[in-house]
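Visitor: I would like to go through this model by its packing and contacts. Please show it first.

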Amino acid sequence: MNARQERQLSDCFISRYLSPVVAHRSAIHIFYLSIRICRLVSYVWDVFLSYPRSQQVLPWIERHFLPMFYGHLEGILPHKPQIFVDSAQPTGVQWPQHIQTALLRSRVMVAVWTPPYFRSAWCMAEWESMLEREAFLAREGIPHPDGLVYPLVFSDGKNFDPRAKKTQSRDLSKLNYHHECFRDSLKYLDFDDAVRTIADEIEDRIIAAPEWNPHFPIVDPAGVATQSSTIKLPRI
């Protein structure tokens, strides 16, 4: 619904249902704003896909993981899957507003973990925002034992954030080929099976997602510690 349609709807509602005493522009304005507010008080995305825009991960996401993941979710969800994927390259630590909004209005996160993930302020802020949401829910008496983050290990678990090392994850490090010819290999069948299992488990988390709350916290990338900022080089 565009702005013109929203105003037409509000005018129609005022003329049909409100008394002449209140049928003036202020009432129309109030109803017009109420429509806009209603559009903001719910989830929009089932899954927020968080990943580093590295030369290995990005083509794997675009060519293999995302199409297959979407296809399997589409086959099991009662509605068309809504997956937020942003391919913009990070520039400093300033987030575009649409990424913050998408994160706030996503039910769960699928995080593709590889060392560049933990060196990225954007990725770390996305992950920590969901961790803060879990903490927020726990304080509200709404614990989420399965968590809101579904981690996929793309490569190298040795150089992960210490918290990630203690987190249960799905290991796809042996199925992380980003080349087009991966589709023609026998391993692609194993990849299909793995992604099917991921989709099944994500379906359960989507269904169990907590009621949306506009006070879900969002962590600013400028305030997160990345692996590159915490690693200490040996003295020579």
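Visitor: Which elements cover the buried residues of α4?
Guide: Helices (H or I, at least four residues) and strands (E, at least two) are DSSP runs, numbered from the N terminus. Buried means under 20% relative accessible area, exposed over 50%, and partly exposed in between (1.4 Å probe, protein chains only). The cover on the buried residues of α4 includes β1 (45–50), β2 (83–84), β3 (106–113) and α6.

Visitor: What kind of model is this, and which pLDDT do side-chain atom pairs need?
Guide: Residues are numbered from 1 along each chain as its sequence is written, and side-chain values use heavy atoms, with hydrogens and water left out. The model is predicted: totals for chains, interfaces and linings use all residues, local features need pLDDT of at least 70, and side-chain atom pairs count only at pLDDT 80 or more.

Visitor: How many helices and strands are there in the chain, and what pattern does the chain follow?
Guide: The chain has nine helices and five strands. Of its 236 residues, 43% count as buried. Along the sequence, the pattern reads α-α-β-α-β-α-β-α-α-β-α-β-α-α.

Visitor: What share of the contacts with a separation of 6 or more comes from residues 24 or more positions apart?
Guide: A contact means heavy atoms within 4.5 Å. Among contacts in the chain with a separation of 6 or more, residues 24 or more positions apart account for 75%.

Visitor: Which residues of α4 are buried?
Guide: α4 spans residues 97–104. An α-helix has 3.6 residues a turn, so residues three or four places apart point the same way. In α4 the buried residues are I99, A102, L103 and L104.

Visitor: How are α4 and α6 oriented to each other?
Guide: Axes are lines fitted to C-alpha atoms, for helices over the stretch in contact, with angles from 0 to 180 degrees between N-to-C directions. The axes of α4 and α6 (residues 121–139) come within 11 Å and cross at roughly 30 degrees. Angles under 35 degrees count as roughly parallel, over 145 as roughly antiparallel, 65 to 115 as roughly perpendicular and the rest as oblique. The two helices are therefore roughly parallel.

Visitor: Which residues of α4 and α6 meet, and how do they divide by class?
Guide: From α4, I99, L103 and L104 meet W122, E126, S129, M130 and R133 of α6. Ala, Val, Leu, Ile, Met, Phe, Trp, Tyr, Cys and Pro count as nonpolar, Asp, Glu, Lys and Arg as charged, and the others, Gly among them, as polar. The contact of α4 with α6 has five nonpolar, one polar and two charged residues.

Visitor: Where does F84 lie, and which residues is it in contact with beyond four places in sequence?
Guide: F84 is in strand β2, and it is buried, with a relative accessible area of 8%. Its C-alpha atom is 8.5 Å from that of L103, 19 residues apart along the chain. Leaving aside neighbours within four places in sequence, F84 is in contact with W45, V47, F48, L49, H98, I99 and A102.

Visitor: How are α3 and α8 oriented to each other?
Guide: Helix α3 (residues 57–74) packs on helix α8 (residues 187–207) with the axes 9 Å apart and an angle of about 55 degrees. α3 and α8 are therefore oblique.

Visitor: How do the residues of the α3 and α8 contact divide by class?
Guide: α3 contributes W60, R63, H64, F65, M68, F69, H72 and L73, while α8 contributes Y188, F191, D192, V195, R196, I198, A199, I202 and E203. By class, the contact of α3 with α8 has eleven nonpolar, two polar and four charged residues.

Visitor: Is the pair of W60 and F65 stacked or edge-to-face?
Guide: Rings of Phe, Tyr and Trp (its six-membered ring) pair if their centres lie within 6.5 Å; planes under 30 degrees apart count as stacked, over 60 as edge-to-face and the rest as tilted. The count by this rule is 17 aromatic pairs. W60 and F65 have ring centres 5.3 Å apart and planes at 15 degrees, so the pair is stacked.

Visitor: Is the pair of F118 and W127 stacked or edge-to-face?
Guide: F118 is buried at a relative accessible area of 0%, and W127 is buried at 2%. Their ring centres are 5.8 Å apart and their planes are at 80 degrees, so the pair is edge-to-face.
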